[in-house]
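The following account leads the reader through the architecture of a protein chain.

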Amino acid sequence: MKIDILTIFPNMFDGFLSESIIKRAIDKGFVEINVHDIRSYSTDKHKRVDDYGFGGGQGMVLMPQPIFDAVDDIRTDESKVILMTPQGEPYKQAKAYDLSKEKHLILICGHYEGFDERIRTLADMEISIGDYVLTGGELASMVITDSVVRLIDGVITSDSHIKDSFNDNLLDYPVYTKPVNFRGMEVPAVLLSGHHKNIEEFRKNESLKRTKERRPDLLEKR
Ligand code: 6GU
């Protein structure tokens, strides 16, 4: 898979792309990720990327020219263009699965004060990562990238995501490691029993209990 990210803050991605599973996925060739500075596409002599909104009131608005030129340059027949905006479709694990099957994603990071409405016509899809406002789409595009890349075949063992929270709309069961007794808190005996059927049942019950307590809305979707 290839992911191209358009942003006015390319440096924000340095840490994200150079650590942990994302770095490994890049190094092993499962994904190619390119961060493009929208400013480098500006034809303005001062390399401007935003300007005052017509009608007044909303501060600086991202201009269409640099973003249209960037997408023209990067898009192919296989690209899905996604606009990051709090007005987009709420992002869910099911969408992460869909996107992980795509060949090429182009993520456009919006700006908190807004982007010219005509930029919307470039997008195949608009995504929001939740009901709160970020200063820009950069963190949101990292959330999308992270959640999609880990689902690409081979990036992590599929065992580790088959059991993820939200598959089947259930939260994860609790897990423990050594020591068996830590400051008086014991690992549930069933997990030490070696009895696989009982362990499976314990986990299923804990998943259900936890989902009922914390996210009853998910149970209604089952
Ligand atoms: Cl995608 N962008 C911004 N700026 N804020 C958000 C968001 C996206 N999703 C939730 N809040």
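**Sheet, crossover and core**

In this predicted model, strand β1 (residues 2-7) runs parallel to β6, and five bridges join the two. Within this pairing, I5 has L107 of β6 as its bridge partner. On β6 there is also a parallel pairing with strand β5 (residues 79-90), made over six bridges. Here V81 stands opposite I106 in β6. Between β5 and β6 the chain passes through helix α4 (residues 93-100), and this β-α-β crossover is right-handed.

These pairings belong to an open sheet of five strands, ordered β2-β1-β6-β5-β7, with parallel pairing. The edges are taken by β2 (32-37) and β7, each with a single partner strand, so one side of each lacks a neighbour in the sheet. From one strand to the next, the twist averages 30 degrees. The pairing of β5 with β7 is parallel and comprises five bridges; in it, L83 has E126 of β7 as its bridge partner. Helix α4 lies across β5, β6 and β7, and runs at about 135 degrees to β7.

Attention now turns to the nonpolar side chains. In soluble globular proteins, nonpolar side chains tend to be buried together. The largest nonpolar core in this model has 28 residues, of which I3, I33, I82, L99, I127, I144 and V149 touch the most other members. At least two residues of this core come from each of β1, α1 (14-17), α2 (20-27), β5, α4, β6, β7 (125-128) and α5 (138-149). The most is given by α5, which supplies five residues. With its neighbours within four places in sequence left aside, I33 is in contact with I3, I5, L17, I22, I26, T145 and V149. Another core, of 18 residues, lies apart from the largest one and has L6, I8, I38 and V71 among its members.

At the level of the whole chain, the protein is divided into domain 1 (2-157) and domain 2 (163-219). The centres of domain 1 and domain 2, taken over C-alpha atoms, are separated by 36 Å.

Methods: Residues numbered from 1 in each chain as written. Predicted model: local features only at pLDDT ≥ 70, side-chain atom pairs only at ≥ 80, totals over all residues. Heavy atoms only, no water. Pairing = 2+ DSSP bridges. Helix = DSSP H or I, 4+ residues; strand = E, 2+ residues; numbered from the N terminus. Right-handed = clockwise from strand over helix to strand, strands pointing away. Core = buried A, V, L, I, M, F, W, Y, C linked by side-chain atoms within 4.5 Å. Buried < 20%, exposed > 50% of the residue type's maximum accessible area, 1.4 Å probe, protein only. Contact = heavy atoms within 4.5 Å. Domains from an automatic or database assignment. Axes fitted to C-alpha atoms, helices over the stretch in contact; angles between N-to-C directions.
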